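These are notes for a colleague who is opening this entry for the first time. The points below can be read beside the model, one after another.

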Amino acid sequence: MAQRRRVGAYGLLTEADGRVLLARGSALADFPGVWQLPGGGLEHAEHPAVAVVREFAEETGLVVETAGLAAVVADVIRLPDLGVALHTDRIIYHVTGVSGTLRHEADGTTDLVAWIAPAEAAGLPLMPFTADLLGLPVTPLPEDVPPAVPRVPYDPPSPDRRQRFGAYGLVTDPEERVLLTQIADGYPGAGRWHLPGGGTDHGEQPVTALLREIVEESGQLGRVTALLDASSLHNPAALGPEGRPLDWHGVRVVYRVVVEAPTVPEVTELAGGSTARAAWFDRRAAVDLPLTDIAARALRLIQQPIARRAGIDPLR
């Protein structure tokens, strides 16, 4: 079964009485009749915060704005009729309504939107990520039920256009030193100091991927304490080890990570050659290093009072 990936952005819009806005899959959806949070796949080069606003307007008629991250999760859904195992990285935002009138989507992948109380949602067929976010039992989706309308095949990734989902960490130790990794020669940003982390594997949760990457790149055992932000990086002519330009779109999530028992960082062979070395730095001195954009923003964030590190300030 072929492995395919996509990144989606979704919005959690809640009324004062606790009702949540949900959208039902239409005959064009992978799972008709199944409810989920409004949202959908990112377009190439699109920031997830932009995508959720666009998707909300398309599916509900409402104009919303993001108000912090709610969760980032991944799941794999098997689509036997296409011979595809589809991995979706789902970035879920809290959103607030700004304007617009609630309406149903015409000729799209949803056909009904409604305000639904949690008790009522418990009796509906829900996408697993939506059920989990609402604190409801997760029921696996049926894999042997053909869709009402034949699905459009998921094309294989283009060799000249890539979208990559990665998880990165703002990693500190009890002395408030920050852990950084240096990008190896031959990779974009070579010589610059970067946040530990990297791309997630098919079927891998972002937190699991991040802790694995921290071990591979530095030998440190970390503990994730908070979700900080999601960002997007588009380089239409990125040069990698292949030696040819790629239209590159990176979607990155950043977590706060604590290493309780730091050791001397050591890069392992599992890091894949993209990391030259890793080191602990005094967080005040680290800002003077040649940094990647995401590392520079993360270090600016860590200088702020601890009360503001909860994750609502975007690293954009």
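1. His 249 is a residue of strand S13, which covers residues 245-258. Strands here, like helices, are DSSP runs numbered from the N terminus, with at least two residues (E) for a strand and at least four (H or I) for a helix. With a relative accessibility of 0%, His 249 counts as buried; the term buried stands for under 20% relative accessible area, exposed for over 50%, and partly exposed for what lies in between (1.4 Å probe, protein chains only).

2. The model is predicted: local features need pLDDT of at least 70, side-chain atom pairs count only at pLDDT 80 or more, and totals for chains, interfaces and linings use all residues. Residues are numbered from 1 along each chain as its sequence is written, and side-chain values use heavy atoms, with hydrogens and water left out.

3. What does the side chain of His 249 reach? At 2.9 Å it makes a polar contact with the side chain of Ser 232, and at 3.3 Å the side chain of His 249 reaches the backbone oxygen of Glu 46. A polar contact is a pair of N or O atoms within 3.5 Å; within protein, one must be able to donate a hydrogen and the other to accept it, and residues adjacent in sequence count only if both atoms are side-chain atoms. Leaving aside residues up to four places away in sequence, His 249 touches a set of residues including Leu 42, Ala 45, Arg 162, Arg 164 and Leu 233. Contact means heavy atoms within 4.5 Å.

4. Ala 45, one of the residues touched by His 249, is in the loop between strand S4 (39-41) and helix H1 (48-60). Its phi is near 75°, a positive value in a residue other than glycine. Ala 45 has a relative accessible area of 30% and so is partly exposed. Asp 107 also calls for a look: its phi is positive, about 60°, although Asp 107 is not a glycine. Asp 107 is placed in the loop between strand S6 (84-100) and S7, and at 78% relative accessibility it counts as exposed. As background, most residues other than glycine have a negative phi.

5. Strands S3, S2 and S7 form an open sheet of three strands in the order S3-S2-S7, with antiparallel pairing. Strand S3 (35-36) and strand S7 (110-116) are at the edges with a single partner strand each, so one side of each has no neighbour in the sheet. Two strands pair if DSSP finds at least two bridges between them. Strand S2 (residues 20-25) is joined to S7 by six bridges, and the two run antiparallel. In this pairing, Gly 25 stands opposite Thr 110 of S7.

6. Which way do the partners of S1 run? S1 and S6 run parallel and are joined by eleven bridges, with Gly 11 opposite Tyr 93 in S6. S1 and S4 run antiparallel and share three bridges; here Ala 9 has Gly 40 in S4 as its bridge partner.

7. The count of aromatic pairs is two. Rings of Phe, Tyr and Trp (its six-membered ring) pair if their centres lie within 6.5 Å; planes under 30 degrees apart count as stacked, over 60 as edge-to-face and the rest as tilted. Tyr 10 and Phe 129 make a tilted pair, 4.8 Å centre to centre with 55° between the planes. Tyr 10 belongs to strand S1 (residues 2-12) and Phe 129 to helix H3 (residues 128-133), so the pair ties together parts 119 residues apart in sequence. Tyr 10 counts as buried at 3% relative accessibility, and Phe 129 is buried at 6%.

8. Trp 193 and Phe 281 form an edge-to-face pair, 4.9 Å centre to centre with 80° between the planes. The pair links distant parts of the chain, with Trp 193 in strand S10 (residues 193-194) and Phe 281 in strand S14 (residues 275-282), 88 residues apart. Both Trp 193 and Phe 281 are buried.

9. For the protein as a whole, the secondary structure comes to six helices and 14 strands. Of its 316 residues, 47% count as buried. The C-alpha atoms fill a box of roughly 55 × 45 × 30 Å, taken along the principal axes.
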